[in-house]
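Please open the model in a viewer and keep the selection panel at hand. The tour moves from one selection to the next.

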Amino acid sequence: MRFFAMLLTLVLSSSVLHAAVVEEKLTLPNGLGAAVLYHDSAVTKAAPAVVVVHEWWGLNDYARERAKQLAELGYTAIAVDMYGTGKSTTHPKDATAFMNAALAEPEKMNARFDAALGILRKQSSVDGDKLFAIGYCFGGAVVLNQARRGLDLAGVASFHGSLGTETQVEPGTIKAKVLVATGGADPMVPAKQVAGFVEEMTNAGVDFELLSFPNVVHSFTNPGSTALGKKYDMPLAYDANADKVSWAALMDMLAK
């Protein structure tokens, strides 16, 4: 009986903790678009916070779920829509159009990111000295470029994101610790690009960590990517080990 009582207590406690995560749909200032904020209402002490940037598909359930997952671990997270308000798709043709339109307006993307950071800084649950950013695919490139801007971030993490840049970062510009997780067999992030990134970070004196997973292709953290890869004959596939190891590396960075 004592065992079942303890088990019931654990289940109820887990339910209460899970229910404590609050989701808030937000409108960014100056017509910049939308974002979704997640935080645990049970957290009273200021803790690290994370900006989450979506894949090229747009701000969909996957990106929001990652932000929610961070909130369940005690972090405040904001999933920001880099396309504005509600553009999302599962078709690569539409995703390419959305992404190219956003990339054509880098100032607006930067403004959206800055607005998301501003929202995090206002939260009582956030330690303003411990702001992080993570991104997937398109979002991985976005957060790396925010670090290249010299923003005062504690760390950024790119998961299967593009690593190239037209302008090599100058030494001393990047303040953030950088984590990159990439697939060793990803044709969208070829070995030459990875080598160029390593050279860039090394020359700039950046504290960075690179995880390269052999035989792993693009979008390896997203369980839905395998079906999309097969449907559109694209090098997309989920890899449970790469997902697990790269997420553990992120947890380590946030904890430190």
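**The enclosed cavity**

By class, 3 nonpolar, no polar and 3 charged residues form the lining of the largest cavity (Ala, Val, Leu, Ile, Met, Phe, Trp, Tyr, Cys and Pro count as nonpolar, Asp, Glu, Lys and Arg as charged, and the others, Gly among them, as polar). Select Lys177, Leu179, Glu209, Ala249, Asp252 and Met253 to display this lining. Strand S7 (177-183) and helix H8 (240-255) are the elements that give two or more residues to it, and H8 has the largest share, 3 residues. Helices (H or I, at least four residues) and strands (E, at least two) are DSSP runs numbered from the N terminus. The volume of the largest cavity is about 30 Å³.

This is a predicted model, in which local features need pLDDT of at least 70 and side-chain atom pairs count only at pLDDT 80 or more, while totals for chains, interfaces and linings use all residues. Residues are numbered from 1 along each chain as its sequence is written, and side-chain values use heavy atoms, with hydrogens and water left out.

On a 1 Å grid over the protein atoms alone, a cavity is a set of points where a 1.4 Å probe fits but cannot get out, and a pocket is an open set with protein on both sides within 12 Å along at least five of seven lines; lining residues have an atom within 4 Å of a point. Grid points are joined across faces, edges and corners, and a volume is the space filled by probe spheres set on the points.

**The largest pocket**

Next, select Leu103, Ala141, Val142, Asn145 and Ser162, which lie nearest the centre of the largest pocket among its 25 lining residues. This pocket has a volume of about 550 Å³. Its lining comprises 12 nonpolar, 11 polar and 2 charged residues. Helices H3 (92-103), H4 (106-121) and H5 (138-148) each supply at least two lining residues, and H5 gives the most, with 6.

**Threonine 221**

Now centre on threonine 221, in the loop between strand S8 (208-213) and helix H7 (225-232). Is threonine 221 buried or exposed? Threonine 221 counts as buried because its relative accessibility is 1% (buried means under 20% relative accessible area, exposed over 50%, partly exposed in between; 1.4 Å probe, protein chains only). Its side chain makes a polar contact with the side chain of histidine 160 at 2.8 Å; such a contact is a pair of N or O atoms within 3.5 Å, and within protein one must be able to donate a hydrogen and the other to accept it, while residues adjacent in sequence count only if both atoms are side-chain atoms.
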